[in-house]
Amino acid sequence: MAWEGRLTFLFFFSMLLMLSHVCDCHPHSARCMNSTCATTKTSNNTAKKASDITAEVAGYADVAKQIIDLAVFGAAQNRSYRRLADFTDTIGNRVSGSQNLELAIKYMFNALMQDGLDVHLEPVKVPHWVRGKESAEMIAPRAKSLAILGLGSSVGTPPEGIEAEVLVVQSFEELKRRSSEAMGRIVVFNQPFVSYGETVAYRAFGASEAAKVGAVATLIRSITPFSINSPHTGWQDYQDGVRRIPTACITVEDAELMWRMAQRGQKIVVRLTMEAKTLPDADSFNTVAEIRGWQHPEQVVLLSGHLDSWDVGQGAMDDGGGAMISWEALSLIKDLGLRPRRTLRTVLWTAEEQGGVGAQQYYNLHKVNMANFDLVMESDVGTFTPVALQFTGSDAARKVMEEVVKLLAPINTTKLEAHGEGTDISPWMQAGVPGASLHVADSRYFWFHHSEGDTMTVQDPGDMNLCSALWAVVSYVVADLQDMLPSFCKKRGR
């Protein structure tokens with residue numbers, strides 16, 4: 001999961017609230033008339049009463065139960081888990097630009113075709129960063145090997161490595177106060193974990209902030225609340241005009257160790273060696289599978305997860321599970337012989353971890369048809385036990401979705417929360433298209449996130465059954481309703 005989505009989500013949501021007061025809008029729901037927003041209008045230009053919406057959605061109770069029974073108790077039980085295990089055991093991790101990612105795309109293309117879905121690939125260009133060999137060793141006050149993971153887009157060290165005294169700080173503010181001590185040193189950030197959205201700033205910007213005060217490299221405490229000597233990687237961004245220095249994450253244990261040593265006044269020396277380099281952008285693909293709508297095939301409910309991962313672990317949790325339930329939702333609907341009014345489209349994004357690169361190119365290509373995107377959905381915070389559906393949309397759309405989630409009573413996930421999120425769907429939500437994401441019991445997610453611990457051992461087949469059922473029920477019902485969801489209005493400048 002890329003850090004940009006969490007850092008920018010609140011901004012996007014506030015923008016959407018502002019956009020609800022301007023035009024133009026989704027023409028299929030008659031949301032613009034004479035430059036005036038009419039967000040509560042439906043596609044047949046008549047406002048539906050709340051009672052009518054309630055009755056229409058309630059009519060899907062039997063279908064929803066069929067989907068849930070098939071996913072949780074029937075022939076499809078544990079299927080998404082088995083698919084994920086086979087995929088990740090066969091391919092392994094799948095970093096942007098790698099051969100493994102291309103093997104993963106070919107694997108999924110063939111598997112989706114064999115499942116009887118309409119499948120195609122859409123070309124994109126993706127970043128190609130290569131880790132290479134890397135190591136870190138504490139030389140003084142005693143010899144100790146340090147477990148590290150270089151951060152995406154980091155430059156490498158000289159071939160002989162960098163050996164320098166360490167400056168340990170706990171915040172950007174402390175670094176500024178002690179800037180006179182940073183020249184020629186390796187800055188170690190031992191920032192406490194507050195939340196991913198807040199603490200990830202050290203991973204993202206630590207190298208440039210340290211370089212500004214003369215540091216030669218940075219070692220950053222992994223962005224996790226729990227560690228068993230496990231480093232976590234992720235993307236980082238160099239600031240324009242600032243010297244680029246090598247940067248890697250170390251374990252919580254080693255960051256705290258060096259902090260204690262520094263507090264005692266001990267001199268700490270570390271030797272860091274990294275072969276990291278960035279190659280020219282590589283060719284890749286977004287993978288697309290569909291069940292075409294019978295009445296409005298041009299209108300789309302989009303489900304998604306990302307196929308790429310970091311180059312450690314198996315990428316089972318981040319985001320193999322999200323990709324598999326987005327496939328499984330189509331399989332469940334197809335197995336029951338259902339075909340919605342609108343097209344159900346699963347997109348398995350590429351290069352999400354580098355900031356939603358594949359998704360942004362998809363958006364740029366398809367935004368000309370924005371009026372036909374009914375709902376965009378993304379699962380990228382794990383597929384643990386589902387607790388709610390998160391949703392961003394107009395008040396009128398929220399009223400519809402509140403009725404839809406009532407159909408999930410058999411699996412006890414009838415809660416609709418604010419703030420749909422996801423790096424890959426954020427461009428659509430920012431433009432006013434309703435968006436939804438899966439909220440799961442994710443307290444352990446950042447224990448394994450971007451680490452060697454992200455393997456099938458983290459996954460539970462029963463949880464994945466429930467996530468698949470939720471994903472299928474919500475997407476099918478929305479795609480089959482008489483009218484599209486009312487969206488926020490936005491002037492598109494055309």
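**Close-up views of a mixed sheet and its helices**

**View 1. The open sheet.** Eight strands make up an open sheet of mixed pairing, ordered S3-S12-S14-S13-S15-S18-S16-S17. Strands S3 (118–130) and S17 (416–418) form the edges, each pairing on one side only. From one strand to the next, the twist averages 25°. Strands pair if DSSP finds at least two bridges between them; strands (E, at least two residues) and helices (H or I, at least four) are DSSP runs numbered from the N terminus. The model is predicted: local features need pLDDT of at least 70, side-chain atom pairs count only at pLDDT 80 or more, and totals for chains, interfaces and linings use all residues. Residues are numbered from 1 along each chain as its sequence is written, and side-chain values use heavy atoms, with hydrogens and water left out.

**View 2. Strands S13 and S15.** S13 (residues 296–306) and S15 (residues 373–378) run parallel and are joined by three bridges. Opposite valine 300 stands phenylalanine 373 of S15.

**View 3. Helix H14 on the sheet.** Helix H14 (residues 461–480) packs on the sheet, where H14 touches S13, S14, S15, S16 (386–392) and S18; contact means heavy atoms within 4.5 Å. The direction of H14 makes about 35° with that of S16. Axes are lines fitted to C-alpha atoms, for helices over the stretch in contact, and angles run from 0 to 180 degrees between N-to-C directions.

**View 4. Helices H4 and H14.** The axes of H4 (residues 79–91) and H14 cross at roughly 115° and come within 7 Å. H4 is therefore roughly perpendicular to H14 (65 to 115 degrees). Arg79, Ser80, Tyr81 and Leu84 of H4 meet Pro461, Met464, Asn465 and Ser468 of H14.

Definitions and conventions. Angles under 35 degrees count as roughly parallel, over 145 as roughly antiparallel, 65 to 115 as roughly perpendicular and the rest as oblique.
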